[in-house]
Amino acid sequence: MGYTRGTKWNDALIEKGITDVMNKAKLKTFPTHKQMYEMTGSMALTNAVSKHGGTRYWAEKLGIEIKPSESKFGEEFEFKTMEYIKHMGYLCKKTPVRYPYDILVENNIKVDVKCSNLYQGKSGEYYTFNLEKSMPTCDIFVCFCLTDGLPRIYIIPSIVLSGITQLSIGKNTSKYDKYIDQWVYFRKYDEFYQKVMEGAKQCV
C-alpha cells in the first residue's frame, strides 16, 4: 500500500486508504497522521484527508471515533490558549466541537489552536500541523511546538497561511520564528474589529 503525489484522490480512494490503514494497524479509532504516514510510507493520504474535509469530517462520514486521548490532548491546549488571552484582559469562550474554529474572543476574533510533538522525517526533525482547510475559517492560528521544556508558541495570522493545509516548522529554525509569542496580534485584530463596528454604527 503506497501513494504518490500524482495520485488523483477522490472520496472512494480516501475511504479505502483510511480503511486499509486501520486494518493494517488493527485500529478501532480513526488513524492519526503519524499512523497514516507509517502505514503508507508517505504524506499523500494525510494531505488528501486534510484537503478533502479534514479529520473530523472523515471520522464522522465513516462513523469512526477519534481516539479520546487525542481529543483531550488538543483540548488541553485550547484551554491554555484561553488562559493567555484572558490575561490580556479579553473575554473568550470555547466553541462547540463542530465549529470551524476553537475559540471566539470578544465575540469577533476567531482562533484555531494546533499542537504538535517533534516529528522525525526524512529531511530532519520538525513540528507539523494539520490546518485542515486551504482557505482558513479563523483569524489567528495559535500553534504549540511541544518540547521537553516550555513550548514554543506561534501566533500566526491566518492570511499568512492561506492556501496551506500542512504547516511544518523546523526544530531549530523556521521562517515562521518571527511569529513566536506574538500575542500582540490579538490587540491588532481587536482594534480592527472595533473600527469596523464603529463604522457600521455610523452607517445606520
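How close do the axes of helix α2 and helix α3 come, and at what angle do they cross? In this predicted model, the axes of α2 (residues 33–40) and α3 (residues 44–51) come within 8 Å and cross at roughly 140°. The two helices, α2 and α3, are therefore oblique to each other. On the α2 side the contact is made by H33, M36, Y37 and T40, and on the α3 side by L45, T46, V49 and S50. Sorted by class, the residues in the contact of α2 with α3 are four nonpolar, four polar and no charged.

Helix α2 also packs with helix α1 (residues 11–25), where the axes come within 10 Å and cross at roughly 80°. Angles from 65 to 115 degrees count as roughly perpendicular, and α1 and α2 are therefore assigned to that class. Here V21, K24 and A25 of α1 meet Q35, M36, M39 and T40 of α2. The contact of α1 with α2 comprises four nonpolar residues, two polar residues and one charged residue. M36 and T40 of α2 take part in the contact with α3 and also in the contact with α1.

The largest nonpolar core has 38 residues, of which V105, V142, L167 and F186 touch the most other members. Two or more residues of this core come from each of α5 (68–87), β2 (103–105), β3, β4, β5 (140–146), β6, β7 and α6 (184–203). Strand β5 gives the largest share, seven residues. Apart from residues up to four places away in sequence, F186 touches I85, M88, Y90, V105, I109, V111, I140, V142 and I155. A second, separate core holds 15 residues, including W9, I14, M22 and I64.

Cysteines were then considered. A disulfide is a covalent bond between the sulfur atoms of two cysteines. The pair of sulfur atoms must lie within 2.5 Å to be counted, and the count for this model comes to zero. For C138, the nearest cysteine sulfur is that of C143, 8.9 Å away, and C138 is in no disulfide. C138 counts as buried because its relative accessibility is 5%. For C143, the nearest cysteine sulfur belongs to C145 and is 7.2 Å away, and C143 is likewise in no disulfide. C143 also counts as buried, at 0% relative accessibility.

Two loop residues lie in contrasting surroundings. K122 lies in the loop between β3 (109–121) and β4 (124–130). With a relative accessible area of 78%, K122 is exposed. When neighbours within four places in sequence are left aside, K122 is in contact with Y37 and G41; Y37 is one of the α2 residues in the contact with α3. K122 and K133 are 11 residues apart in sequence, and their C-alpha atoms are 25 Å apart in space.

T165, in contrast, is found in the loop between β6 (152–157) and β7 (166–170). Its relative accessible area is 8%, so T165 is buried. With neighbours within four places in sequence left aside, T165 is in contact with S50, K51, F129, N130, L131, E132, K133 and S134. Of these, S50 is also one of the α3 residues that meet α2.

Notes
Residues are numbered from 1 along each chain as its sequence is written. This is a predicted model: local features need pLDDT of at least 70, side-chain atom pairs count only at pLDDT 80 or more; totals for chains, interfaces and linings use all residues. Side-chain values use heavy atoms; hydrogens and water are left out. Axes are lines fitted to C-alpha atoms, for helices over the stretch in contact, and angles run from 0 to 180 degrees between N-to-C directions. Helices (H or I, at least four residues) and strands (E, at least two) are DSSP runs, numbered from the N terminus. Angles under 35 degrees count as roughly parallel, over 145 as roughly antiparallel, 65 to 115 as roughly perpendicular and the rest as oblique. Contact means heavy atoms within 4.5 Å. Ala, Val, Leu, Ile, Met, Phe, Trp, Tyr, Cys and Pro count as nonpolar, Asp, Glu, Lys and Arg as charged, and the others, Gly among them, as polar. Buried means under 20% relative accessible area, exposed over 50%, partly exposed in between (1.4 Å probe, protein chains only). A nonpolar core is a set of buried Ala, Val, Leu, Ile, Met, Phe, Trp, Tyr and Cys residues joined through side-chain atoms within 4.5 Å.
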